[in-house]
Amino acid sequence: MAKFDLVVKGGRIGTASDVFTADIGIKDGRITALAESLEDGKVVDATGKLVLPGGIDSHCHFDQPAAPDGSRNADDFYSGTRSAATGGTTTIIPFAQQLKGQSLRAAVSDYHAKAAGKPVIDYAFHLIIADPSQAVLGQELPALIRDGYTSFKVYMTYDDLKLNDRQMLDVMALARREGAMMMVHAENTDCIGWITEKLEQAGRIAPRYHGTSRPNVVEREATHRAISFAELLDTPILLVHVSAKEAIEQIHWAQGRGLRIYGETCPQYLFLSEEDMGPFDGADWHGVKCLCSPPPRDKANQDFVWRGLENGIFSVLSSDHSPYAMDKTGKFASGPKPSFTKVPNGLPGIATRLPLLFSNGVQTGRISIQQFVALTATNHAKLYGLHPKKGTIAIGADADFALWDEAKDVTITAKMLNDNVGYTPYEGMQLKGWPVETWSRGELVVKDGTVVAEAGRGRFLPCDPPQTAIPRGRPVVDPALFA
Ligand code: URP
Ligand code: ZN
Ligand code: ZN
């Protein structure tokens, strides 16, 4: 019997710490050897290619409803994972969303049922806590954390999801106690509601006004509030989809105080701006394609987001893939020219996340290959308790990797992304470098843009309590009061 099932030969390997040339030996889906030269197995020729860990996308939404208009995500767990793998991603962490009044366990079962038989790559789940009832806080959430759902998201806005400040403190105390990572969507809901009401009264309803309704300061205030709660209870938290320069400054400030505050940003804040939501006069409604929350900011803001990636304020770049089709199932669920308040929030980007950052970050010298790997794979695994099984090329890790052709010129088109969305906000962008093969646990998933893996081969991954969620041990409030 051959020593290896597969030998990846002659590639330049990149990890979060090193770039080196070596062969990779793979047995039973795991990396079992790294050496100058390996023989005895079926050969994958990686000469002239960069071999990087498969991306981990720790923020994406599949098959979720956007209440109350009946719209739902365009991608399910098959089309969404197909698309992820097309862009070099091999692990996803989407959400199991609790509806208000629903048992959390039931929400988790629902999302497992939605996923059953569909993913082509491996997946874990974050929870969304929309209703922190006694049962959720007392039994369901602690038990689910122990079962491997070790991270959850809370919202400070959206009527059907938001928690008030006391509820935020309740779930944060629980995260500390149980060792879970709490993810926060930080926008001030009352400010948004107040501005939105004034805009609608004035007839300002074009998609572009979505940005007007959620200015930078609204994100900054909520970010500061969440950080203050985290300091009060000495609980590590992660601010998701951070967009505004002022919110980045808050995270930087908190990190400077020694708090365990982590930041995530997304490609839409590097490559899109408020202008992409269309004109104020509503002459063109196509801007709904770029309508998400927080909204794309002004062009000058993009540079601050880049700097946050370059200097380590952000730990991860995720897609926040939350796609809605341009029809009655999605962006136009409430009619042909809806008020921005009726447009489901979110945009697609699961396939384009890695290639956009590689071309515009690594190829331009803004970030190193090591930073690229950390931001797109390794740090996701560390933040959510999947490391070292996922997110790196090392002995013992799952053999999840992509072969990158650094010289390949690619023009992004919606068609090549293998999703179910029908458009991409990045249509026509020219990139240098593309993941030409994506492998998961030693199995080929995508080759030259064609998905070759079967639906349902992806496995569910229970997550460990992450090291990154360990408190630093200096709470303002005596933990005995909330233990
Ligand atoms: O607009 C967005 N980001 N939609 C997805 C849901 C969320 O808040 O992440
Ligand atoms: Zn969010
Ligand atoms: Zn999201």
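Biologist: Where is Leu-199 found?
Modeller: Leu-199 sits in helix 5, residues 189-201. Keep in mind that this is a predicted model.

Biologist: Is Leu-199 buried or exposed?
Modeller: Buried. The relative accessible area of Leu-199 is 7%, and the cut-off for buried is under 20%.

Biologist: What is Leu-199 in contact with, leaving aside neighbours within four places in sequence?
Modeller: Arg-204, Tyr-209, Thr-212, Ser-213 and Phe-340.

Biologist: And how far apart are Leu-199 and Arg-472 in space?
Modeller: 44 Å, C-alpha to C-alpha. In sequence, 273 residues separate Leu-199 from Arg-472.

Biologist: Metals next. Which residues are the protein donors of the zinc ion (ligand 2)?
Modeller: Lys-153 through NZ, His-185 through ND1 and His-241 through NE2. They lie 2.1 Å from the zinc ion (ligand 2). The spacing of the donor residues in sequence is K-x31-H-x55-H.

Biologist: Which parts does the pair Lys-153 and His-185 tie together?
Modeller: Lys-153 is in strand 12 (residues 151-155) and His-185 is in strand 13 (residues 181-185), so the pair links parts 32 residues apart in sequence.

Biologist: Is Lys-153 buried or exposed?
Modeller: Lys-153 is buried, at 1% relative accessibility. His-185 also counts as buried, at 1%.

Biologist: How far apart are the zinc ion (ligand 2) and the zinc ion (ligand 3)?
Modeller: The two ions are 4.1 Å apart.

Biologist: Now helix packing. At what angle do the axes of helix 11 and helix 12 cross?
Modeller: Roughly 155°. The axes of helix 11 (residues 353-362) and helix 12 (residues 369-383) come within 9 Å. Angles over 145 degrees count as roughly antiparallel, so helix 11 and helix 12 are roughly antiparallel to each other. The crossing is right-handed.

Biologist: Which residues meet there, helix 11 against helix 12?
Modeller: From helix 11, Arg-353, Leu-354, Leu-357, Phe-358 and Val-362. From helix 12, Ile-369, Phe-372, Leu-375, Thr-376 and His-380. The contact divides into seven nonpolar, two polar and one charged.

Biologist: What about helix 3 and helix 4? At what angle do they pack?
Modeller: About 40°, with the axes of helix 3 (residues 134-146) and helix 4 (residues 165-178) 11 Å apart. Helix 3 and helix 4 are therefore oblique to each other. Helix 3 passes helix 4 in a right-handed crossing.

Biologist: Which residues of helix 3 and helix 4 meet?
Modeller: Leu-137, Leu-141, Pro-142, Ile-145 and Arg-146 of helix 3 meet Asp-170, Val-171, Leu-174 and Glu-178 of helix 4. Those residues are six nonpolar, no polar and three charged.

Biologist: What is phi of Asp-28?
Modeller: Near 50°, positive in a residue other than glycine. Asp-28 is in the loop between strand 2 (19-27) and strand 3 (30-35). Asp-28 is exposed, with a relative accessible area of 66%.

Biologist: And Asp-234, what is its phi?
Modeller: Near 55°, also a positive value. Asp-234 is in the loop between helix 7 (216-233) and strand 14 (237-239). At 5% relative accessibility, Asp-234 counts as buried.

Conventions. Residues numbered from 1 in each chain as written. Chains lettered and ligands numbered in written order. Predicted model: local features only at pLDDT ≥ 70, side-chain atom pairs only at ≥ 80, totals over all residues. Heavy atoms only, no water. Axes fitted to C-alpha atoms, helices over the stretch in contact; angles between N-to-C directions. Helix = DSSP H or I, 4+ residues; strand = E, 2+ residues; numbered from the N terminus. Parallel < 35°, antiparallel > 145°, perpendicular 65-115°, else oblique. Left-handed = near helix turned anticlockwise from the far one by under 90°. Contact = heavy atoms within 4.5 Å. Nonpolar A, V, L, I, M, F, W, Y, C, P; charged D, E, K, R; others polar. Donors = N, O, S within 2.8 Å, 3.2 Å for Na, K, Ca; no water. Buried < 20%, exposed > 50% of the residue type's maximum accessible area, 1.4 Å probe, protein only.
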